[in-house]
Amino acid sequence: MVANKRSGGAISRSLNENKRTCSAREATKSSLSDGLWDSKDGVWSKLSEQVALNLSKSVVSLVLSDGDTVLFASSGIAIECHGHVSRFLTSAGLVRALNNEENGHDNVKIEVHHKGRAVTGFLEEYDLDYDIAVVKITSFLDVQKVLLHRALRAMLHSEVVAVGHDISGKIMAKSGKLTCDPRGYEDCELMFSTCKLSEGWEGGPLFDFFGNFLGMNLLSSMGGSFFMPKDIIMERLEYFRTSLQRNAFLGWTKYLKAVMIRGLADDILEGDLLDSKQGVWGKLSEQVTLNLSKSVVSLVLSDGHNVLFASSGIAIECNANVSRFLTSANLVRALNNEEKGHANVKIEVRHKGRAITGFLEEHNLDYDIAVVKIMSFLDAQNVPLHSAPPILPNSKVVAVGHDSSGKIMATDGKLTCGPSVCKYGESLMSSTCILSKVWEGGPLFDFSGSFVGMNLFSSTEGSFFMPSNIIIEWLGQLRISQERNAFLSRVKYLKMVRVGGHTNDIPEAYRDALTDQEYEVHKMLGYPRPSKRDMILVNSFETAFGDVYDKDDRQGVWKLLEKRVSKGISRNVVSLASFNGNTRFFACTGFFIDWDDKCQDNNVSTILTSASLVRNSDPFDGENKVIDGLKIEVKHPKGPLLEGSLIHYNLDYNVALVSVKRLKSYSACPLAICKRNLIYESSKVVSVGCCFQTGKLMASGGKLVAWSGSLDCKLLIYSTCEITKAGIGGPLVDFDGNFIGMNFYDPKLGTPAVSCDDIVDVLERFKEKWTGGVDSLSNPNGVGGVQGDCSVSLNWWPVPRPYWRQPDEPEKSYLDEYERGVLDSGSKFEYVGGYIYILK
């Protein structure tokens with residue numbers, strides 16, 4: 001088994017750093033008999049009887065031995081307890097010890113000890129970067145799992161209790177408090193408590209005094225110990241679970257393919273013909289029969305003369321000139337095989353006597369799924385895919401197939417809870433419908449006509465199918481991928497123009513067809529139409545700035561930051577875009593924040609960004625209003641494209657909050673937003689932005705200055721960082737990664753930002769469900785609700801509009817001749833009210 005390398009290096013480095021620098025571990029190798037469960041003294045006496053019982057049943061001892069000698073021992077946490085299967089979470093120190101000891105000992109095994117009983121287990125999954133491992137046993141053990149369904153917010157100075165279990169059967173507890181990291185900075189993944197623990201406690205649980213699980217204890221250090229917070233544990237366990245399900249699914253489909261190859265399902269098994277109206281067709285209503293018969297097609301692979309392969313397919317999109325059909329990926333495998341021995345191999349979609357040539361649009365061999373597209377009208381009817389119906393054992397279902405001759409067949413059966421469901425989860429399910437190969441890729445319905453799934457392989461007792469919920473999820477990911485690719489192809493021309501300055505580098509065929517395509521590209525991106533083809537776009541959302549982040553080769557300002565700071569920024573910053581229909585309205589940067597609004601749930605993350613994302617940009621047409629109906633998309637450089645929701649906005653300070661579904665593939669590192677009161681002039685700072693189109697993370701360094709620009713808002717802070725429109729809404733941080741403010745864009749000079757102190761005030765008003773919109777002009781505490789703001793009208797936040805210039809025309813300068821001369825002279829100056837003044 002190979003350890004998963006997924007952005008957890010900071011943890012392993014932090015742990016190794018503590019092993020090197022902290023001699024406190026030696027000082028903590030005291031007896032583990034403190035706070036024994038049996039004594040009911042010490043910390044146990046401070047807990048309720050039920051909490052004490054629950055804690056004592058959640059911890060075990062994990063022992064590595066060769067049968068006679070104990071080679072390693074640590075504590076473990078019960079996370080799953082069934083009749084004959086239980087799983088335990090522990091530190092990956094067990095894995096390291098296992099790797100070391102297997103080289104020098106025979107018959108090394110893992111034992112799970114609890115209250116005098118020892119059960120042999122095995123290592124199921126681990127991640128060395130995150131210092132986490134899971135051990136599984138297949139025997140009954142009287143333990144009680146910790147609750148992992150929700151993550152509680154752990155507050156500083158809260159009282160906590162650490163629990164450990166040694167190999168002799170002793171269960172111990174020590175109390176302490178949550179406190180700041182003794183290393184002097186906040187770690188995005190590890191937290192610290194004052195519980196002084198020895199090595200045997202490593203991998204054991206940490207609870208609050210109410211019995212809520214907070215995390216897993218790791219290493220002892222200066223004055224306490226580090227622990228892995230519960231939310232990180234939950235994300236890694238979810239990743240393990242998904243990985244195990246996928247591997248099980250692939251193993252099961254591999255077995256089924258082998259069974260099919262051996263010939264168990266090779267015979268052609270006819271079902272009930274549609275034209276006969278007999279058998280299963282007679283059990284369905286007339287409308288359901290019509291819908292089912294129009295939803296299935298035959299997908300044929302031929303060389304023009306011979307049928308090389310045939311299967312069924314499912315209509316999933318039917319328009320006047322474009323239709324798409326879902327089928328099994330066996331079509332792809334057959335296509336790959338036949339193209340080697342035949343010329344002019346093509347895919348035909350056949351339905352009711354018509355045959356239309358199609359092409360393979362997308363496929364996934366792992367999930368045995370493919371999509372075929374045609375560019376002609378076909379009288380088919382797509383199956384409804386907006387929701388997945390409940391799949392209940394013993395429900396009656398009907399499978400529909402279409403052969404290459406035009407016959408539409410059906411056979412009925414029931415859903416079963418066979419080994420595939422019990423052993424492999426919901427990735428693959430089974431029914432009692434007996435099918436032949438030609439039915440592969442065809443639909444499975446319930447008797448009301450609801451789409452249940454896509455038939456895959458036959459077996460001796462029925463057939464297996466892909467459930468509709470898996471199909472809907474995959475098609476959703478496919479749609480996002482296609483939209484992204486279409487978006488990138490639409491802006492390809494703009495990149496050429498922006499980089500080369502001329503259209504001479506564009507192929508002749510593309511240049512000739514540019515007129516209509518160019519208009520559509522610019523329209524969908526929200527840009528005006530150029531008067532000529534070779535013009536250059538200015539003030540676009542795609543204009544880069546500063547230095548681009550590369551974790552393996554940090555350059556420029558990224559090289560000046562500590563690695564932990566740059567890594568934290570890269571995990572925190574996202575790009576956002578709003579769309580009015582299919583037309584992009586605005587694009588900017590945002591970043592995850594640690595915000596404790598009571599309405600937020602554990603599955604949602606909060607992003608702080610600029611209200612320019614949603615506000616009307618026309619000062620003469622209600623600039624201080626939010627445009628209704630905008631769609632918001634959020635893109636993280638390491639994650640998928642997600643849909644965001646506007647939850648709060650303040651137009652006066654141009655601040656907005658967007659919620660997005662919490663991503664399970666990586667752990668975000670939200671910035672802590674707090675008042676700093678004193679923000680020192682000349683402090684070194686970094687402005688960060690992210691481009692929505694390219695996903696590039698950019699940063700520009702500078703320092704804080706005592707400037708004031710031409711914007712209405714008078715409480716802004718300024719830095720000498722140079723950014724573009726792509727940096728609007730991005731964070732301004734110091735070189736330690738502390739949040740200083742949120743950037744706006746001033747094309748004239750310097751970068752304005754709303755300070756962290758003012759943002760804290762705005763966020764407090766958000767908790768009162770106040771938006772700072774036009775209706776708040778009568779607000780007695782000031783329009784923006786910010787301390788020290790006595791404004792009586794809303795601030796204006798103009799964003800330079802994009803425009804086109806000729807290749808030989810200089811870009812518009814927002815500085816006059818005098819201001820340019822001051823900059824070129826190298827004299828010291830200050831920027832007040834939007835004008836430059838020379839300092840003597």
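What percentage of the contacts in the protein chain between residues at least 6 apart in sequence join residues at least 24 apart? The share is 65%, where contact denotes heavy atoms within 4.5 Å. The structure is a predicted model, in which local features need pLDDT of at least 70 and side-chain atom pairs count only at pLDDT 80 or more, whereas totals for chains, interfaces and linings use all residues. Residues are numbered from 1 along each chain as its sequence is written, and side-chain values use heavy atoms, with hydrogens and water left out.

The protein chain holds 16 helices and 42 strands, these being DSSP runs numbered from the N terminus (helices H or I, at least four residues; strands E, at least two). Of its 840 residues, 52% are buried, a class defined by under 20% relative accessible area, with exposed set at over 50% and partly exposed in between (1.4 Å probe, protein chains only). The chain exposes about 37,700 Å², of which carbon and sulfur atoms supply 50%; accessible areas come from the Shrake-Rupley method with a 1.4 Å probe, and for residues only the protein chains shown count as cover.

A closed barrel of 6 strands, with antiparallel pairing, runs in the order E1-E2-E3-E6-E5-E4, two strands being paired if DSSP finds at least two bridges between them. Neighbouring strands of this sheet are turned by 40 degrees against each other on average, direction ignored; axes are lines fitted to C-alpha atoms, for helices over the stretch in contact, and angles run from 0 to 180 degrees between N-to-C directions. Helix H3 (residues 49-58) lies across E1 (59-65), E2 and E4 (109-114), running at about 15 degrees to E1. The buried residues of H3 are Val51, Ala52, Leu55, Ser56, Lys57 and Ser58, and their cover includes E1, E2 and E4 together with strands E7 (159-165), E8 (171-179) and E10 (205-208).

Strand E12 (residues 224-229) is largely enclosed by the rest of the structure, because 6 of its 6 residues are buried. This strand pairs in the antiparallel sense with E9 (residues 191-193) over 3 bridges, Ser193 standing opposite Ser225 in E12. E12 is also joined to E11 (residues 213-221), again antiparallel, by 5 bridges, and the bridge partner of Asn217 in E12 is Phe227. In the hairpin of E11 and E12, which has 2 residues between the strands, Gly223 takes a positive phi near 75 degrees.

A closed barrel of 6 strands with antiparallel pairing also runs E28-E29-E30-E33-E32-E31, and in this sheet neighbouring strands are turned by 40 degrees against each other on average, direction ignored. Strands E29 (residues 583-592) and E30 (residues 604-610) run antiparallel and are joined by 3 bridges, with Gly590 opposite Thr609 in E30. Helix H14 (residues 563-572) lies across E28 (573-580) and E29, running at about 20 degrees to E28.

On the surface, Val832, Tyr835 and Tyr837 form a nonpolar patch with about 300 Å² of accessible area together. Val832 is placed in strand E41 (residues 829-832) and counts as partly exposed because its relative accessibility is 32%.

How values were computed
Patch = residues over 30% accessible without salt bridge, like charges linked within 9 Å, V, L, I, M, F, W, Y side chains within 5 Å. Salt bridge = Lys/Arg side-chain N within 4 Å of Asp/Glu carboxyl O.
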